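Welcome! Let us take a walk through this protein together, stopping at a few places worth a look.

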Amino acid sequence: MCFKRKKGFLTLSLLTVFIISFFFNCYALTAHATLEELAADAEARKLLPIQSNEINNWPVGPEIGAQAAILMDANTGIILYAKNINEKLYPASTTKILTCLLAMENGNLDDMVSFSREAVFSVPGDGSNMGMDVGESITLEECLYGILVGSANEVANAVAEHIGGSIDNFVDMMNTRAAELGCTNSHFVNTNGLFDENHYTSAYDLALISTAFFQNELLCKISNTSRYHFEATATQPDDFYLITKHRIVKGEIPYEGIVGGKTGYTDISRQTLVSCAEQNGMKLICVILKEESPAQFTDTVELFNYGFQNFQVLNIAENEDKFNMDNTNFFKADYDIFGNSKPILSIDTNSYVIVPNMADFSSLESTINYDISSENSNVQSDESRIAKITYTYNGAYVGETYVNLSDYAKNSYSFSAESPATTDTTVSRVETPSPAESENTIFINVKKVLIGILIFATVIICLFILRAIIIHRDNELRRQNRLKRKKHRRERISSGFDDFDF
């Protein structure tokens, strides 16, 4: 919503008002049946199958009127709720999530974005806009607010021209970036989501795009802004406000932990909505496609409640015992100068699984894959990763972690990437120093040597103590015998004197 600028507006005459009112009332009479049909369609969509409900012992998800919906963890890609998530549908203005993601990744916030005639006039005048005129310019950061808060179509076009050189080039960038994020059921032909049969995506693909979007703090902040004030400048002479249509962000439907989101609507796509919220250690993304207002918001709240109330986060390193690195010397540096003091391998301490509340870690199935050479990581180099452990619950993916090689051990050990990617339950140390090196090098375990010396010294000391005790006992016996002999002699002498009478 935008408090529109006065320029370009004409005062309507009373006659014109009367005519418009007449036609509006006529339209309302015919639209009533259409609204009833739309409501009936929404009710029918509630009967569509929910694929996540088919998982054994999985919490039963709510029946909603959306054609497709997904609830996904933003950090791991774990899917908690799935309804037709791969069906190709029209995203409407939720397309602008990808537009703003590309702008943030390829532009500078202080860049001045100018508005060309094509940017302004290639979109319908009655669509979402903020009234920019040809030749005006604002910063890229202001453009992001215009797109995410005001859903301004002409601003999306201007950003595309600024970042891509032309709208067509930018659209190519959109499709390339979507493919990089793993989207397989998406194709974009414009920057703003205006209807086109060849402009489509799926709930799953839009969630993948949103995971990258909501990893950016500024994009989260902007998409969680309920009202933004544009002040007049030398290149943009008007003072006005933009107000978001996202009722959860605006606070009309309060929800704890809301991170941000984007609305969308066309006559064909119907209501679409992307939202993100964070609670209980989970950062969940909810995508709603083809719903009727205001159910896109109530559906979102219902799905958020379903996720936060029925699932729990379990840290893998704290719960894993099958691949526990602390219970065996096999995963420690056995020729460290101080013995087994440092681990060679460790499980990523930040990794977690998301499982139903009634499940525990022991109920999960795990597989280990050594062939991870083709995987990329923004957090840690592939050289540090030896294997990936994937966890499932009754066949549903619930998380993964990596077995990492410590930095100091990289030069001493190498690990094979040729082990089968099956259900092995051990991580193998494949190579040690070469035979020639081993023949010429003697590794001394100082800790074990010191322990041996201590044991030897203890035994020697005990022997000396025992010897001293034995010697003391023998000397005591000799002394007692001498005392006895002296006593006997005195007694004999005394008895000899008794025979004489003095």
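A word on burial comes first: a residue is called buried when its relative accessible area is under 20%, exposed when that area is over 50%, and partly exposed in between, using a 1.4 Å probe and protein chains only. Helices (H or I, at least four residues) and strands (E, at least two) are DSSP runs, numbered from the N terminus. The model you see is predicted, so local features need pLDDT of at least 70 and side-chain atom pairs count only at pLDDT 80 or more, while totals for chains, interfaces and linings use all residues. Residues are numbered from 1 along each chain as its sequence is written, and side-chain values use heavy atoms, leaving out hydrogens and water.

Let us begin with helix 2, which spans residues 96-106. Nine of its eleven residues are buried, so this helix is largely enclosed by the rest of the structure. The buried ones are Lys96, Ile97, Leu98, Thr99, Cys100, Leu101, Leu102, Ala103 and Met104.

Next come the cysteines. A disulfide is a pair of cysteine sulfur atoms within 2.5 Å, and a search of the whole structure finds zero of them. For cysteine 220, the nearest cysteine sulfur belongs to cysteine 276 and is 6.1 Å away. Cysteine 220 is buried, because its relative accessible area is 8%. Cysteine 462, with a relative accessible area of 45%, is partly exposed.

Now for some details of the backbone. The peptide bond that runs from serine 293 to proline 294 is cis, with omega near 0°. You can find proline 294 in the loop between strand 9 (282-291) and helix 10 (295-310). Asparagine 57 has a positive phi, near 60°, although it is a residue other than glycine. Look for asparagine 57 in the loop between helix 1 (14-45) and strand 1 (68-73); at 46% relative accessibility, it counts as partly exposed. Arginine 270, also not a glycine, has a positive phi of about 65°. Arginine 270 sits in strand 8 (residues 270-279) and counts as buried, because its relative accessibility is 13%.

Our last stop is the charged side chains. A salt bridge is counted when a side-chain nitrogen of Lys or Arg lies within 4 Å of a carboxyl oxygen of Asp or Glu. How many salt bridges does the structure hold? There are ten. In one of them, arginine 45 pairs with glutamate 292, and their closest N and O atoms are 4.0 Å apart. Arginine 45 lies in helix 1 and glutamate 292 in the loop between strand 9 and helix 10, so this pair ties together parts that are 247 residues apart in sequence. Both arginine 45 and glutamate 292 are buried.

Another salt bridge joins the side chains of arginine 247 and glutamate 252, at 3.0 Å from N to O. Arginine 247 is partly exposed at 28% relative accessibility, and glutamate 252 is partly exposed at 46%.

Glutamate 400 forms a salt bridge with lysine 388, where the closest N and O atoms are 3.8 Å apart. This pair links distant parts of the chain, with glutamate 400 in strand 15 (residues 396-405) and lysine 388 in strand 14 (residues 385-393), twelve residues apart. Glutamate 400 counts as partly exposed at 25% relative accessibility, whereas lysine 388 is buried, with a relative accessible area of 13%. Finally, salt bridges that share partners join Arg45, Arg270, Glu291 and Glu292 into one network.
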